[in-house]
Structure formats: structure tokens, C-alpha cells
Amino acid sequence: MSIKIGITGGIGSGKSVVSKLLQLMGVPVYIADVESKRLTETDPDIRAALISLLGVEVYQDGKLNRPLLASYIFGNKDNLTMVNGIIHPRIKDDFRRWAQSHSSYPIVGIEAAILIEAGFTEDVDQVVLVYAPQEIRLRRAVSRDACAAEQIQQRMRNQMPDEDKMAFAHHIIYNDDKQALIPQLGALIKTLA
């Protein structure tokens, strides 16, 4: 049976970099954001529930109408909670099947920005927080997403602060441009194996 780790952190923290490095080190990682997009396109239960909620125009030519969905949930926590209530259980089920299909690996991971907020901690054995100071995260996200700093700061305000996530973390990987990631990840794998 694999040890399941949940990889989380705020926008611009470097979760994806950590996940890619772990994959290169032999740890399969389920990327919740990627799989969520796949499932919203292909899962018949998600499709039916979103159509029931928003109407048939939520899918155009078989593809999710992301701008319509975004406008529905943007700035409305109740609507966001409703949509998450449709999608998150299906992601959890998909992750469980995926983890079972990778059970020959000693360690498997799931990368999710809202791992804690979405209740995925019950599906993992250990939580790994990727931490970077807010000014570094802001610089990275502005550069990566080609967005204004104000937009990134708004997203940051909508996420659980890393300081609160630390209370749930079993391990912290510092991605602060000072400490090398590979030795930290090597130590993490050694600790878990």
C-alpha cells in the first residue's frame, strides 16, 4: 500500500515544480487541477449537474463554457460552494481509483491548491506544504500568468493563507529561492519510505 501525500501551497508557491521534481524522482503525482478540467469535460454526472444548475449553455460543442462557469462562481461563495460540491466528490473518487492503480509505488501524491479547503486531507496520509514568501509568490505568478499584480493579490486573498495551512502540514518544502528543492525532496522521500 502506498503512502499518499498531498502537495499544496498558495498561488506561485511552486507546487507544480515540486510535483514535477517528485515525478522525476519516481513518485507519481495526480494533478487535481488537470484532472478536474478533464472530468468537467467527460464525467456524465458532473455534466448533468452543471447543466441542471446553469442550463445547457454551460457546455458548447461538448466543451465546458469556462467563461460562463467563471462568471457564475466569481465573487459568490455560495455559487462556488455549489459547484465545488458537484466537482470535488468526483475528483476524490477519481483520485482514489488512480491511487489504487498506482499502489505498487511506495509513495504517490496529489497536487491541489485547495487540498485542505476541499477536504482532501482525509484521502492522504501526509500533507506537504510548498512554502514561499508572499512577495516571491506574487512575482512568480505575475510573470507566469501575465496578469496584473492586483489580480494575483485578489486570488491570494481568496486562498487560505499559508500560515493557516502550516497547521495541517506534516512537511514543509521551502521554495524561497534560497534553499535547493532537490535535497529537501530527497529528504522527504527518505523520511516517507
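# Close-up views of a predicted model

**View 1. Helices α2 and α5 cross at roughly 110 degrees, and their axes come within 10 Å.** That angle makes α2 roughly perpendicular to α5. Angles of 65 to 115 degrees count as roughly perpendicular, under 35 as roughly parallel, over 145 as roughly antiparallel, and the rest as oblique. Axes are lines fitted to C-alpha atoms, for helices over the stretch in contact, and angles run from 0 to 180 degrees between N-to-C directions. The α2 and α5 crossing is right-handed. A crossing is right-handed if the near helix is turned clockwise from the far one by less than a right angle, and left-handed if anticlockwise. From α2, Glu35, Ser36, Arg38, Leu39 and Thr40 meet Ile87, Arg90, Ile91 and Asp94 of α5. Contact means heavy atoms within 4.5 Å. By class, this contact of α2 with α5 holds 3 nonpolar, 2 polar and 4 charged residues. Ala, Val, Leu, Ile, Met, Phe, Trp, Tyr, Cys and Pro count as nonpolar, Asp, Glu, Lys and Arg as charged, and the others, Gly among them, as polar.

This is a predicted model: local features need pLDDT of at least 70, side-chain atom pairs count only at pLDDT 80 or more, and totals for chains, interfaces and linings use all residues. Residues are numbered from 1 along each chain as its sequence is written, and side-chain values use heavy atoms, with hydrogens and water left out. Helices (H or I, at least four residues) and strands (E, at least two) are DSSP runs, numbered from the N terminus.

**View 2. Helix α1 (residues 15–24) packs on helix α9 (residues 181–192) at an angle of about 60 degrees.** Their axes are 11 Å apart. The angle makes α1 oblique to α9. α1 passes α9 in a right-handed crossing. Val17, Val18, Leu21 and Leu22 form the α1 side of the contact, and Leu181, Ile182, Leu185 and Ile189 form the α9 side. The contact has 8 nonpolar residues, no polar and no charged.

**View 3. Helix α6 (residues 134–145) packs on helix α7 (residues 149–158) at about 120 degrees.** The axes lie 9 Å apart. Here α6 is oblique to α7. The two helices make a right-handed crossing. On α6, the residues in contact are Gln134, Arg137, Leu138, Ala141, Val142 and Asp145. They meet Ala149, Ile152, Gln153, Arg155 and Met156 on α7. The α6 and α7 contact divides into 6 nonpolar, 2 polar and 3 charged residues.

**View 4. Arginine 155 sits in helix α7.** Arginine 155 is partly exposed, at 35% relative accessible area. Buried means under 20% relative accessible area, exposed over 50%, and partly exposed in between (1.4 Å probe, protein chains only). Beyond its neighbours within four places in sequence, arginine 155 contacts Ile11, Asp145 and Cys147. Arginine 96 is 59 residues away along the chain, and the two C-alpha atoms are separated by 28 Å.

**View 5. Helix α3 (residues 44–54) has the buried residues Ile46, Leu50 and Leu54.** Seen down the α3 axis, these fall within an arc of 40 degrees, so they line one face of the helix. The arc is that of the directions from the helix axis to the C-beta atoms. Exposed Pro44 and Ser52 are carried on the face turned away from the buried side. Cover for the buried residues of α3 includes α2 (32–42), β3 (59–60), β4 (63–64), α4 (66–73) and α5 (77–101).

**View 6. Glycine 119 lies in the loop between β5 (107–111) and β6 (126–131).** Glycine 119 counts as buried, at 19% relative accessibility. Serine 52 is 67 residues from glycine 119 in sequence, and 25 Å from it in space, C-alpha to C-alpha.

**View 7. Aspartate 61 and its loop between β3 and β4.** Aspartate 61 has a positive phi of about 55 degrees, although it is not a glycine. Most residues other than glycine have a negative phi. Aspartate 61 is exposed, with a relative accessible area of 83%.

**View 8. Aspartate 177 lies in the loop between β7 (171–174) and α9.** Its phi is positive, near 65 degrees, in a residue other than glycine. Aspartate 177 is exposed, at 52% relative accessible area.
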